[in-house]
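Have the sequence and the 3D view open while you read. We'll go through the ligands and then a sheet.

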Amino acid sequence: MSNAHSSSAHLLPEDASPEGATPEAIGASPTDAPERTALSTSALSTSAPGTKARRPLLSPHHPLADVGTTIFAEMGALATAHGAINLGQGAPDADGPIEMIEAAAAALRSGPNQYAPATGIPELRQAIAHHQRHYYDLEVDPDAGVLVTVGCTEGIAASVLGICAPGDEVIVLEPSYDSYGAVAALAGARLVPVTLRPPKWRLDGDALEAAVTDRTRALLINSPHNPTGRVLDDEERNAIAKVAIDADLVVITDEVYEHLCFDGHRHVPLATMPGMFERTITLSSAGKTFALTGWKVGWASGPPELIKAVRRTQQFLTYTSPGALQRGVVAGLAMGEAPIDAVRAGLDQQRGLLLDVLAGVGFDVTPPEAGYFITADASWTGVADGRDFCLRLPEAVGVGAIPLGAFYVDPDRGGAMVRFAFCKQPDQIAEAGRRLSALTQGPLRSSS
Ligand code: PMP
Ligand code: GLN
């Protein structure tokens, strides 16, 4: 599974007998119990001093047993603790359209503040269908072909859990977003990475084909891609479509950065390709498109048969998402292209600023084609491991970042690569630049 593994903390060794486990038996000690072991030794045994050891409350065989907090929460907490500028988590520091916020606030005030329909309010499903037609010429049925989810995160979970059975394999482009590995594990499925390599991060069609086995159920494809900023081109999309059609696979596409393409790059949904609509679940969310990541309003669209499979899982995860925020998104989508273009234009400017800052400090950077992030090799600073770099950076210079290792099944494959978010105000990026320039003095060299 994916970066889930960057967590070092195993609650119990693989072969530990649950019956006899005690904190001593599993080697837990206060010194190796930082936040990531927060599931805590006290939860491991129900035994009181002097009584017989009991079974652990938490199963050592749980698919997420060795997972702590996500890399975004971990590095975010570190940034906060050191008063650092957090270029880690991809969260804008300025909110999106005020009209959307006012529409959501008005909906809260007027009510009803009760459960929204399970598949999403009809106005939002219609607006999503309209969005797919307007931007991509895709016809989706607003009733049977659209499902509103709690962010794209729930869309990913409901899709993987709704499509995969235990023993199935899910192919992802690695580095891959952290929730993919976690939900595949929850489904009992195996994550099979097809690795993209810097600096071009292109998909090798032969490698994709070679990754398919008779257990492969789905391709989970993220484009525009986090963390590399790649937008799949025609050749890569054709390779994916060929493999999916030849092997009869479901394709789940994570398109949360669909509107954030720069330098003339264009996002083309895989669902628009011949033979693909009927096998593709297209996921997106309002968070990135409107710079309202905290709203967590997302959606799945596609053929009714597949959306039904997503829905049968989603109805037991959350059932529905907050109606007032759905109304806010309806207001945003009703405003046409202007607010979406404005978000992209602002980000494009911020991308330029952070590229200049990083290059000025000494990082070798390539402009990302899309998204929120710039990736760079940090080894010139004297640190060979990206996680080590990101753990020390907040205290050493007052900036937060994310190690790319967190996006790999084997974190070591991330090497010294790190990710910086540019969805921040220009003054914050400038200040981050001033702080990062201290890296040229070699503060990280000594003890790495
Ligand atoms: N997929 C990718 C690739 C992401 O970067 C993110 C973070 N926004 C998500 C999914 C989660 O989206 P949401 O916040 O809408 O749940
Ligand atoms: N998508 C955001 C990122 O990649 C993180 C969202 C989260 O914290 N789970 O930075």
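## Ground rules

This is a predicted model, where local features need pLDDT of at least 70, side-chain atom pairs count only at pLDDT 80 or more, and totals for chains, interfaces and linings use all residues. Residues are numbered from 1 along each chain as its sequence is written, chains are lettered from A and ligands numbered from 1 in the order in which they are written, and side-chain values use heavy atoms, with hydrogens and water left out.

## Around ligand 1

Start with ligand 1, which has 13 residues around it; Thr153, Asp254, Tyr257, Lys288 and Lys296 come nearest. (A residue is near a molecule or strand if one of its heavy atoms lies within 4 Å of it.) Helix H4 (residues 151-163) gives the largest share of this shell, with four residues. Helices here are DSSP runs of H or I with at least four residues, strands are E runs of at least two, and both are numbered from the N terminus. Sorted by class, the shell holds five nonpolar, five polar and three charged residues. For that sorting, Ala, Val, Leu, Ile, Met, Phe, Trp, Tyr, Cys and Pro count as nonpolar, Asp, Glu, Lys and Arg as charged, and the others, Gly among them, as polar.

Now zoom in on the oxygen atoms of ligand 1. A polar side-chain atom of serine 285 sits 2.7 Å from one, and a side-chain N or O atom of lysine 296 is also 2.7 Å from an oxygen atom of the ligand. On its own, ligand 1 exposes 390 Å², and the protein buries 93% of that (areas by the Shrake-Rupley method with a 1.4 Å probe).

## Around ligand 2

The side chain of glutamine 89 has an N or O atom 2.7 Å from an oxygen atom of ligand 2. Glycine 90 uses a backbone N or O atom, 2.7 Å from a ligand oxygen.

## A three-stranded sheet

Next, find the open sheet with strand order E9-E12-E11 and antiparallel pairing. (Strands pair if DSSP finds at least two bridges between them.) Strands E9 (373-377) and E11 (402-403) are at the edges with a single partner strand each, so one side of each has no neighbour in the sheet.

Technical notes:
Polar contact = N/O pair within 3.5 Å; in protein donor to acceptor, adjacent residues only side chain to side chain.
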